Amino acid sequence: MKSITTLLLVCCGTLIAFGQQLTLQGTLTTDAQSPVPATRISVHGITNTTDQKGQYKLVLGGSFREGERVIIAVEKIGWVINSPLDGEWNLPNIRLQNVQTLKIILVPKGSKSLWSHARIEKHIAKLSDEIARLKEDDDQPRPVDFSFYLREWAEQYGFTPEQVKAAFDEWAKAVEKSDDYRALGLRAFYQKNFPLAAENFVKAAQKDEGQIKSVQEQLDRNILDAYKNRKDAGSSFKNSYQYKEALEQYAFAKLHLAGLTSKDKYWYEQAQIELMIGNATRDMGKGIDGEEGTRLLAKAMDSYQRAFVGFTRQRSLRNWALTQRNFGDALKSLGARMEDNQSAKLFAEAIAAYHNALHVYIRERFPEDWALTHGRLGDALRSQSAIIEDAQSAKLLGEAVAAYQSALLVYTRDRSQNDWAFTQNLLGQALKSLSEKTEGSPSVNLLVEAVTAHRNALQVYTREYLPVAWALTQNDLGNALEAQSAAVEDAQSRKLLAEAVAAHRLALQVETRERSPKSWAIIQRGLGSALLAQGQTIAGEEGANLLAEAVVAYCNALQVRTREQSPRQWAAAQNSLGNALLAQGQRGASAERLRLLAEAVAAYHNALQVRTREQWPRQWAETQDKLCIAFWSQGTRIAGTEGAKLLAEAATACRNALEVRTREQSPQNWAETQSHLGIALSSQGVRIAGSEGVRLLVEAAAAYRNALLVITRDKLPQRWAETQHNLGSALWRQAIFMKGNDRERLFAEAVIAYRNALLVRTPDHLPEKWAETQYGLGETYYFSARWSDAAECFASLLARRQTNEIATFSYSRLSDIYHERLFEYELAFKLHQKRLADFPDNLNALVNFAETHFTTGRFAECERRIAALLANHQIAASTSLALRMIDIANSLAMNQADQVPPKLEAIIRAITDQPENFKFTWTFNGTLHFMGENEKLAAYRDWLKLLFSAAEGKNRDAVLKVLREAKAGFKW
């Protein structure tokens, strides 16, 4: 089927030129009906020769115009074409028939049949034109002489001038009593009675004009009837969604209007058909992806602009408003397909068009139109808000919510339940979007309202009554429930996420891939998002399975959302797939984790093939920000140069995002990316160390402080606490590399940051986050040698948990502080005792417990425990040798000096068997302090000091040297 554009061009073109060939055929005969064979016949240089039967055939080209007069020429000496008159013929309407049959009749020159009334009147008419042409305005009056023309005609047709004049005189006498005013006018002109000729010509014209008017009026009536039928046919096709067929009929209807003789009189019909063409073209374009759909939407807008020529506000107020509304629909649909800058302009124009319509659609006079237009206005405001940043976006969304609520003043469930349900669902979508731009309890309230609105819609949209609307609303409900889950406590959050997943799964029972692939893909994305959120809140295998299901859902969506057909949606789905893979990779086993993270990076890179900075800057920045996190996740899990490179790429991706995400235009996104930049730079700084590492940590702290300019405790308490925590980590790590006052200042600033975080991260409200920050604060105290404060932090952690990684590290730190820094031996003893009560086979605790038996004076039990540990082959060599040295001190405390030489010799033999680079990893701070104060060991203090100084040896030989000195110097 031809496109509508082609059809219109062809239809309009027939008014101007054929655009195809016309065949002229027939016979050439004499006036006696005898065929004239072997005679050349031509039309404007196109020639043919008649056959034995006088038949000819001329194929004319496409350059002739309909109605054009052409001259047929016959090459036969002494003969003249009598029919058609002098060979003059008007081209016919090729639309009716492109093969024309024409009989050409020749008569010999001098034949009296040449002087028919038609020929005489033709020549007198030409004579009138010729004389008028020759006569100039300043000519002096003089008699008109026809003799020259009579002689010319006589020569042309084979007569004498006298014969011609006689024929003309005879004609003049014959028409004297005629009622044909034109014939009488020509007669008077021939008789040189020009005033009478003019009078008769005027009367002839008046008579013709009366007939023309009647014919034209009838023609216009016929044209209008044909127009209406074509228009109604088009509307019938449109109502059955056959848009191409509808547009063909509308094109014919428009073509009929072009044939009206009084076009100005029928301005309404001309505007009406443009409006209908615009509506059908818009609706067809909305259903077609890619360039073709965009082109159709642009054509629809052109049609609406032409409709405005007729439907002006002064001439047809209500139709003007209707056209404004439909024009807004086309602008909105086209805006959804364009780049951000173009979209913003088109959405703004759509909003203006809806407001124009609402100047006319007053609720009291046109309640249905008023409500419908408010609904469309809400859609445009919501679309505009999606590409405008923060404060302005929230303002637009607030206006959208107000527009939908206005529509619901008319669309009540009792009066128009389908419109009510439809608008309730749109209201829910707008409320959810507005909640994302709002903070604190107002945001939570908006999400509750959004869920309520979707549930309202589902009171009407049932699976049995309206299954498609029910399914799509279930999908929107799932989206709102997922958003609500992020704003409530853990148990409630998990419940809402389960409901969200269930809603999406219900939708997929109706909107299958076979039935509605686009809707199926949209719902798969919604399901993927809910599963991703659910998987991130659930630990272990169950959470991992949910994340895997999220990946599958996004991959399903990508089966429909191809790059070729829907590049923008494909890129969005790739971005979402990257998010799910990233979440999987951040919790998987090592090898599997790295594979998933690499796939996440690949998905983000896929998205960036479409989401370029030039075309889609906001989306480009969003994906760059996600790419930063993926690179960081990879870099922190890969050692060496490759890991460092990935961390650098993470920082680069964040800086890319910040080229678009500025504080002025997008403060929340800017702050989020600043925070991610800080994370990437911190990891880089710790990895590199040295002066370069310090520089990166300084930049990281600056990035966190930037984020805190926007992320405040009042508006976003949890994110504020997280950023304060990260700032504290960057500061204490930076302090480790510093000296003097700078070191103390940075430690103090880190403490302030951690304490700020703990204002929100409490053990009851956010226990996991509290533990994370409490441990960071403890580490800061530890490295700044604030032992009591550090001990308090680690003790509070162990009081609440014993099983996770933080608990293990806290136990090690608290053990070190009690025994090695504060010399609180009894506290250290009780710490190890408690640890072993929970984990009786923990070797680290068993070793520490044995040492604290010595430093708390429990010498006999210390001996027994050390002997048991030395028999355990799982004990590392360095630890075993450290226990042997403590065992020597313990023997002296028990007055068993005779056991020292063999035990010392055993140590020397064991160390001799160690590799050359052997050295102790054990610190004896607490043990040395105890030995320096215990009276039982007073006699051996100097020797024990020498013995234990062997642990400071840099290698095996250095250790052996000191041990041999100790062996040589031991006396009992």
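1. Let's start with the aromatic rings. This is a predicted model, and it holds 30 aromatic pairs. One of them joins Trp 153 and Phe 168: the ring centres lie 5.2 Å apart and the planes meet at 10°, so this pair is stacked. For stacking, the planes have to be under 30 degrees apart.

2. Where do Trp 153 and Phe 168 sit? Trp 153 belongs to helix α3 (residues 147-157), while Phe 168 belongs to helix α4 (residues 161-174), so the pair ties together parts that are 15 residues apart in sequence.

3. Next, have a look at the sheet. It is an open one, built from 4 strands in the order β3-β2-β5-β7, with antiparallel pairing. The edge places go to β3 (46-49) and β7 (88-90); each has a single partner strand, so one side of each is left without a neighbour in the sheet. On average, and ignoring direction, neighbouring strands here are turned by 25° against each other.

4. Strand β2 (residues 40-43) runs antiparallel to β3, and 4 bridges join them. Val 43 is found opposite Ile 46 of β3.

5. Strands β2 and β5 are paired in the antiparallel sense, over 3 bridges. Val 43 turns up again here: its bridge partner in β5 is Ile 72. So what does Val 43 face in β3? That is Ile 46, as noted above.

6. The walk ends at β7. Strand β5 (residues 69-74) pairs with β7 over 3 bridges, again in the antiparallel sense. Within that pairing, Val 70 has Trp 89 of β7 as its bridge partner.

7. Helix α14 (residues 417-436) packs against helix α16 (residues 467-485) at an angle of about 25°, and their axes are 10 Å apart. Roughly parallel means an angle under 35 degrees, and α14 and α16 are therefore roughly parallel to each other. The crossing of α14 past α16 is left-handed.

8. Which residues make that contact? From α14 come Asn 425, Gln 429 and Lys 432, and they meet Thr 473, Asp 476, Asn 479, Ala 480 and Ala 483 of α16. By type, the contact residues of α14 with α16 divide into 4 polar, 2 charged and 2 nonpolar.

Key:
Residues are numbered from 1 along each chain as its sequence is written. This is a predicted model: local features need pLDDT of at least 70, side-chain atom pairs count only at pLDDT 80 or more; totals for chains, interfaces and linings use all residues. Side-chain values use heavy atoms; hydrogens and water are left out. Axes are lines fitted to C-alpha atoms, for helices over the stretch in contact, and angles run from 0 to 180 degrees between N-to-C directions. Helices (H or I, at least four residues) and strands (E, at least two) are DSSP runs, numbered from the N terminus. Angles under 35 degrees count as roughly parallel, over 145 as roughly antiparallel, 65 to 115 as roughly perpendicular and the rest as oblique. A crossing is left-handed if the near helix is turned anticlockwise from the far one by less than a right angle, and right-handed if clockwise. Contact means heavy atoms within 4.5 Å. Ala, Val, Leu, Ile, Met, Phe, Trp, Tyr, Cys and Pro count as nonpolar, Asp, Glu, Lys and Arg as charged, and the others, Gly among them, as polar. Two strands pair if DSSP finds at least two bridges between them. Rings of Phe, Tyr and Trp (its six-membered ring) pair if their centres lie within 6.5 Å; planes under 30 degrees apart count as stacked, over 60 as edge-to-face and the rest as tilted.
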